Amino acid sequence: MGPTALLVAAQLAMAAGEEAKPTPLAIEGGTVVTVAGETIAAGTVLVADGKIAAVGRDVVVPEGARRIDATGKTVIPGLIDALSTLYLPPQELAEPSAIAPEFRVTDGLDAYAKDLEEVLSYGVTAAHVAAGSRGLLAGASAVVKVSSQPGVLPILLDTAAVRGQIGVPAGSTISSLDRLGNYTSIREALLSARDYEWALGKYEREFTRYTQKTAEPKAEEGKPPPPPKPPGDKPERPKKPGPDYSADVLLRVLHREVPLLIEAHRVADILNALRLQDEFDLRLILLGGSEAGKVAEEIARRNVPVIVAPVSLSMVAPSKLRYGEHSRTNAAQLARAGVKVALGVGGDDPFDSKFVRASAAVAAEDLPRDQALRAVTLSAAEILGVADHIGSLTEGKDADVVVVAGDPLDVRAPVDLVLVDGQIAYERRAAG
Amino acid sequence: MSTRWLAAGTLALLGPVALGAGLLVRGGTVWTGTGEALEGGAVLIRDGKVAAVGRDVTAPQGVRTIDVTGKHVCPGFVDPHSSLGLPTWEMDETVEAVAAEMPVDAAVWMDRPEVRDAVSSGVTTLVLAPGGANLLVGPCPALKLGPSPVLKAEAAIKVTVGPSALLWDRKPTSLPALLDMLRGALSDTEGPVGRLVAGGAIAQVACDGLADAERALGLIDGLHLKAALLLGGAPSRAVDLLAGRDLPVVLPSLALTPRDKFLVGPGQLAGRGVKVAFASFAPATQEADLRTSAALAVGAGMSPAAALRALTLGGAEAGGVADRVGSLEIGKDGDLVVAAREPLDLSGAIELVVVDGEIIYERVPQ
Amino acid sequence: MSRMAAGVLAVGVTALACAGPASAADVLAVKAAHIITMVGPPLDGGTVLIRDGKVVRIGRDFAIPEGAALIEVEGGTVMPGLIDANAMFAFRGEPNEESEEITPDFEVLQAIDRDSPDLKRAVQLGITTLRVAPGNANVIAGSGAVIKSCGPSLESVLVKEGGQLKVVMGNDSTGGNATPRSGRPTSFYYRQPTTRMGVVWLLRQALFRVKTALGKGEALTPSDTAIAEALKGKLPVEISLRSAVDVETAFEVMDEFGLRRLVLVGCPEGYKLSREIARRGVPVILGPLYAYPRTWREASEAPDVSLNSAGLLAQAGVKVALGSGDGGGPVDLLAWVVLTHRYGLPREAALAAVTTNAADILGVADRVGSLAPGKDADLVILTGDPLQATSRVDKVIVNGRVAYDAQSGASAHGEG
């Protein structure tokens, strides 16, 4: 069925009534790689109401469902780019000030971004977008879906993490003193958030006392009214600490409600990031991690997940490969030590997200193939806190499904079909 | 010059294993670069040259044999345009617009990290060129990433037709004058440029965009240059312009052409019979990105055969060294790559790289 | 629902064939309520028949051949495609070879950027032919080229290469030049001219040198050939200037060397000397005029611009054409036609300023500027009369192919 026919079918379906549900869709006959569970040869994925309704070998396909034949192909979950600049206009990459954790990347996203169809055609259905790569604490990152409709920007998670960095050079180099300064600045920001919390608590207590002290004594029934208080000696009204939006956000990090995402590449900087976790008992996610393989044990011991970005593809960000001693086997080293690993493309341009599969392929030089695929699907979703929605072909999750005309880790095999939230977002036209 | 290279090469590389008698790589699928793949094939290298290729190759006495059953063997990749080892400040000698006596290799620092990384990339030959701020610069050598680094000292000259060669306070400041100067320098058979061209150097003509490509072709045709075109701008827009020509067309690594959405350009060009090659323009991208580019191009519709050819014989033609490298044929240099899976399947690591019959890279199993 | 529908529509638009491989044997018939041919009286209703990129027939009562594509705009007016006689945009790199001030052999053709968004905009404005001139940074700047605004290859758009010797008077060519304050000059910008005197001096020096060499029968350098041609009267000299003072100086210098084939370009103060200009039979390519000043040079020189320029010149008998000039891409020539008419240029002269007059001055009247059998099929289809301010460009046809269609918004230029 050609694309025009598809659109017409969808239109007809929608025209059937405002409340009409979209037709269920069944992708049949392909090798279904669920990622969370087993791989099913000649399996079926049934999609209904934007969700995965069923996955298996003997799935009952309801009447009237649209059937798509995926024989000879592979069906996988939509891919996730764990570090992307999709939807971000170029000026949003610049940093406001060094410490601004209250900034939110969703405020800067452009729903009319142009690169979406291209990225979809490479099987990427969700992206973790984080602005401000060089601000020390640059603000909240978000997880978004890749939309096929201009103007529609589906935000899956508005605040995925607060992003910071230690040791990422602004120019071509950064001095060791500066790198240490990064760490101490972040630490001080966290300490000062704590101070703010304490100051707020102190104010609460003082205000309670003040209220009690200045309250007029209550008249009791049947008794004569009590004498008025003598004048003078009135306690001072305590001053409430001014609003500190930065501290508010960091308190959420300190209370483990939101993870702290720290980009660090060199061993010393990674160790400092781990020190932050030790001191403040927060939820740390390491980003970048060029040399993380060298201290994999330390990372594993603390159960810190790592988003490796970029993955030895200099075509996306040549300068970033010089931030540390980059190695193609980094992701595998971490995985072998027991670290949960996701892969991000980490490119400077929005369309770089299309290189997710290529990144997974490079990681698969060393990682077992299923782990490499997991690193761009379920592991990424788990690390980013959206695993109940995406990351695997599991009943009840969003119907973000990709059909590849071959092995998912072989970039020579093109993507044939992409579903996002159960709607066909991309369909490959046969070469004319 | 060659002495310095030898010393530097030995320092930088991973200690080549000297195999005087020869090397036999057998048991895998051999992609010779001239036709189909030979399953269960073998390649015999003696004295640095390919001595035999086929299914029934016996190993003479004293030859080391490597069994690569289940793996894939292909010619070493050829990068026709790279500035590997040139630090950015050494990329452009801008004082003279036409600089035909600039020994490019004098600026190369062989122990830079990107050079060490390159040996594992599968690239065994590269043409070393500077940046594009000169109209014409050379001679550019063709180098091997192996123990005898100089393949051809005066392999190419680099010509730039486009605004990047126009500097503010140096003649020329305009494209018409640029073309005049180039025509003058290239036709002067007594001058340094003319002598290089007469000596067989290939003119690698770089253009910034489609508009410049027309001008570049005019220059190449008008002067009957032995040339290769380094195409800037979106390849898919240049298909009609370039089809049907016997002119190697070099495309930069795919991420450097973001305007060609869906990366369809290389496949479209190859489909119309254009001889395509990929170049890294290192350090803009890594040598390893050549293989990535070829694989992604296949995903976007390029024929797998054309993609592999682009990395090997295509690169050799664009570098003017196809008589020596680019395919596994008797008499050519013994440069090959062993990959865990098919050569363009990126999920298979490159496990062995051989240059002139010597193992220069062997992947340590993890 | 509407978003889906929009998607289907977007799929349905076909790419226009200007830059793509369309069959050259295409037959196109354009029907309109009014046809302005610029040769003879306009037609009230009729058809223009086009084959292989040329006009074959114009008239009212003939049958349209089978297989011909038909374009019909209700109530629309067809006129020849507009000609921008002095386009100084769509350059790649610098529009002058600035290493020297006297560059008579500089040919701008190789500096034209056919991918420029300015050309795309020019097509949308109805400009089908433009004379691209070298920049104003040199005293003797070289020669320009007349090209079509749209076409698949350089050969297909080139109408005429060269054809004039451009001279820049006034202080434009002093730009960037300076005196070294101390020590040795390290830049080739430390040179003359820095004043009008210097400009005139360099000009006279070049003319004198070549004239002397001709007189002695000496061999000429290749770059002096163009000056020699001008001295022999074979090549017109085109002088870019703004102030009336420069016009007078120009005439003085040209008289000194017997140069009579002149064209004045820009010339906002020309109206002050309209009788003199008319007496000498010198045509004027006027512009920019109505959005003035566009560049800081124009602002600093601050000529006495009169909106009635075109009318006053024409009244005195000067042939007037219009050109975008420097600083900011193509102007809306059609709007200028309306403005020149409003400010005194009679209807026929206003239309001629962007068609036949421009073609005559540029020496390409055999191909463009009017609609007649055998001439290039360059047309603009307007929604109404060209001199009505509410008329707009609906379709543009270059060399017989639709280059722009305002309905679909699709343009034949590729993405940049």
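**Strands E8 and E9, chain A.** I started with strand E8 (residues 137–145) and strand E9 (residues 155–165) of chain A, which run antiparallel and are joined by six bridges. Strands here are DSSP runs of E with at least two residues, helices are runs of H or I with at least four, and both are numbered from the N terminus. I then looked up one residue pair: A:Ser141 has A:Ala161 in E9(A) as its bridge partner. A reminder to myself: strands of a sheet pair through backbone hydrogen bonds, either parallel or antiparallel.

**Ground rules.** I am reading a predicted model, where local features need pLDDT of at least 70 and side-chain atom pairs count only at pLDDT 80 or more, while totals for chains, interfaces and linings use all residues. Residues are numbered from 1 along each chain as its sequence is written, and chains are lettered from A and ligands numbered from 1 in the order in which they are written.

**The sheet around them.** Which strands make up the open sheet in chain A? I found eight, in the order E6-E7-E8-E9-E10-E11-E12-E13, with mixed pairing; two strands pair if DSSP finds at least two bridges between them. Strand E6 (79–84) and strand E13 (341–343) of chain A are the edge strands, each pairing on one side only. Neighbouring strands of this sheet are turned by 25° against each other on average, direction ignored. The axes behind such angles are lines fitted to C-alpha atoms, for helices over the stretch in contact, and angles run from 0 to 180 degrees between N-to-C directions.

**Chain A as a whole.** I counted 10 helices and 16 strands in chain A. Among contacts in chain A between residues at least 6 apart in sequence, 71% join residues at least 24 apart. A contact means that the C-beta atoms of two residues, placed from the backbone, lie within 7 Å.

**Where A meets B.** I found 25 residues of chain A in contact with 25 residues of chain B. Helix H8 (residues 356–363) of chain A gives the largest share of the chain A side, three residues. By class, that side has 15 nonpolar, three polar and seven charged residues. Ala, Val, Leu, Ile, Met, Phe, Trp, Tyr, Cys and Pro count as nonpolar, Asp, Glu, Lys and Arg as charged, and the others, Gly among them, as polar.

**Over to chain C.** Chain C is divided into domain 1 (16–81 + 376–405) and domain 2 (82–362), with bounds from an automatic or database domain assignment. Their C-alpha centres lie 31 Å apart. In contact are 18 residues of domain 1 and 23 residues of domain 2 of chain C. The largest share of the domain 1 side, three residues, comes from E17(C).

**A sheet in chain C.** An open sheet of four strands runs E6-E7-E9-E10 (chain C), with mixed pairing. Strand E6 (82–87) and strand E10 (158–161) of chain C each have a single partner strand, so one side of each is left without a neighbour in the sheet.

**Confidence check.** For chain C the mean pLDDT is 88, and 92% of its residues reach 70 or more; pLDDT is the predictor's confidence in each residue, from 0 to 100. Over residues 1–24 of chain C the pLDDT is below 50. Where pLDDT is low, the predicted coordinates should not be read in detail.
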